[in-house]
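Dear colleague,

Please find the structure below.

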Amino acid sequence: MSWLPQLFLTLIGESAPPARQTSSRWWSDSPYYDGRVDNMKNDSRLCIIGIDALDPDLLERWRADLPTFERLMKEGRWTRLESTFPPDSIPAWTSIYTGRDPSEHGALEYVDYLDIRHGATTLSNERLKGHTFWDVASDAGREVLVANPFLAYPTWPVKGLMVSGPVFVDGRVSVHPPDAVFPEAFPELGGMVEFPSRKTLGSFYDRCVRITRAQAEFYSALLRTRSWDLAYVLFLTLDRIKHFYWRFEDREDPCHVAWPAHPAPVREFYKLLDELLAQLLGDLPPGTTTLVLSDHGHQRRCTELFYVNEWLRREELLAVPTRLGWADPRVILERAKNTALDLAYRLELEETLAAMAQWVPGRKQLKRSDHVIRGDNSLARASSFAGVNPFGGIVLNEAEISRRGDSRQRLTDQIISGIRHVVDPRTGRTVVRWVAPRAQVIRNGARQEAYPDILFELDPAYGVSWSVFRPMFGPSVTHRKISGGHTRHGVILAAGPLREGVWVEHPSVVDVFSLVLRQLGLSP
């Protein structure tokens, strides 16, 4: 518990002897050391520690097992941090970095984790390059230290050091300046490129632990030995753990099974992060202000599906082949797909079906039922912009509306009025929490039209799916593979001195950009 005095002093903003003095002297002889550590600007130093998927509800539930977080929550400041709509890592971290809403930056991509290993995902850093809070600080002459920023790959010139890894693909670590010297190999940085099977559950979990520990050691070395006024480091592994191991933790999950090797895998990972957070805090210079934050929350993923396109079909708003009826090959293929998915779920053969599906041409189109939906003749169809989650939307076909002499407003009102009252007949449960036109939910930004025309949020137990010619409701057939899902609120915790007017009540991820710059004494 030697870190507690240092953490306490950091929390209240008092000076203390530098942490790990012996370690720092050792590192001063290493290639990390650049001779400028003692000349840092102590009066405005800020360290931001990002933890993707850190959940406020779980922090409160498990805080007795998390002494570092407990101390931060008790003696610092903390609050929920509203994420983007939808609460996905790509739009949320982009908003955190730039201070722009998704309607302004347009980064609404989501990642289908079942397609990552097929190399189906590529992302650009163009929305970020030159527009982040560390770019503003760098341009103002502040020394920045940025390690593992999500999406910010490859790196670009800044005043200081920037190091990042590839996102969702294999590749080399990128560093600026290119000639920066490091004493050892980099830890694994960037986003995930694989996910575990039943056979590799244990080894994948252990690998995530090793990666996280290695990243923490790497970040600690940088924080102790580099010159910086603003530091930002990020852990992404908690999101992996929750996506793939939630059902082993949650006894109320319908797909829960005991995992003797790790009876509480998510809570164990929170304990690991608590330990590593203590290490990082102990390595910070006296007087440093610290922010710990996440992009969204993360708990149980939806266990049921609402087939929105099937509802639209029954409302005669979505067109499908009619000339041959049930004998149409496209309809036969759709019904066969649905039967295969349902059977694989009942028999717990999802992995076998997934392995076979990778050889199916156009599997993404098949998943969205594009082969059977006559899009040009449909008035509306479900959007896939947010994936299989409670957050969804419906796209209107302006050309078909005009061809039929219909009114966009009348159709919008019809859909909203109808879907608002949809009930799952198996439970008598109303499935839609809210539904509204895009303009009532999303800011009027330059990229507002990246969102569907109508937006909605379902009961958390339900997710959107796109198949037709099937019952409107059914179990989530991929839940055993991906049992954790994102929620609307992340968290932000602050320790150390804060400038007057910096802290925001009821903040959103968009507010982080200006909060950081105000704390540094800069204008947003």
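One aromatic cluster is formed by Trp 93, Tyr 97, Phe 133, Trp 134, Trp 156 and Tyr 232. Rings of Phe, Tyr and Trp (its six-membered ring) pair if their centres lie within 6.5 Å; planes under 30 degrees apart count as stacked, over 60 as edge-to-face and the rest as tilted. The model is predicted: local features need pLDDT of at least 70 and side-chain atom pairs pLDDT 80 or more, while totals for chains, interfaces and linings use all residues. Residues are numbered from 1 along each chain as its sequence is written, and side-chain values use heavy atoms, without hydrogens and water.

The whole structure holds 30 aromatic pairs. In one of them, Phe 85 and Phe 391 have ring centres 5.9 Å apart and planes at 90°, so the pair is edge-to-face. Phe 85 is buried at 6% relative accessibility, and Phe 391 is buried at 5% (buried means under 20% relative accessible area, exposed over 50%, partly exposed in between; 1.4 Å probe, protein chains only). Phe 85 also pairs with Trp 434: the centres are 5.5 Å apart and the planes at 50°, so this pair is tilted. Trp 434 is partly exposed, at 26%.

Yours sincerely
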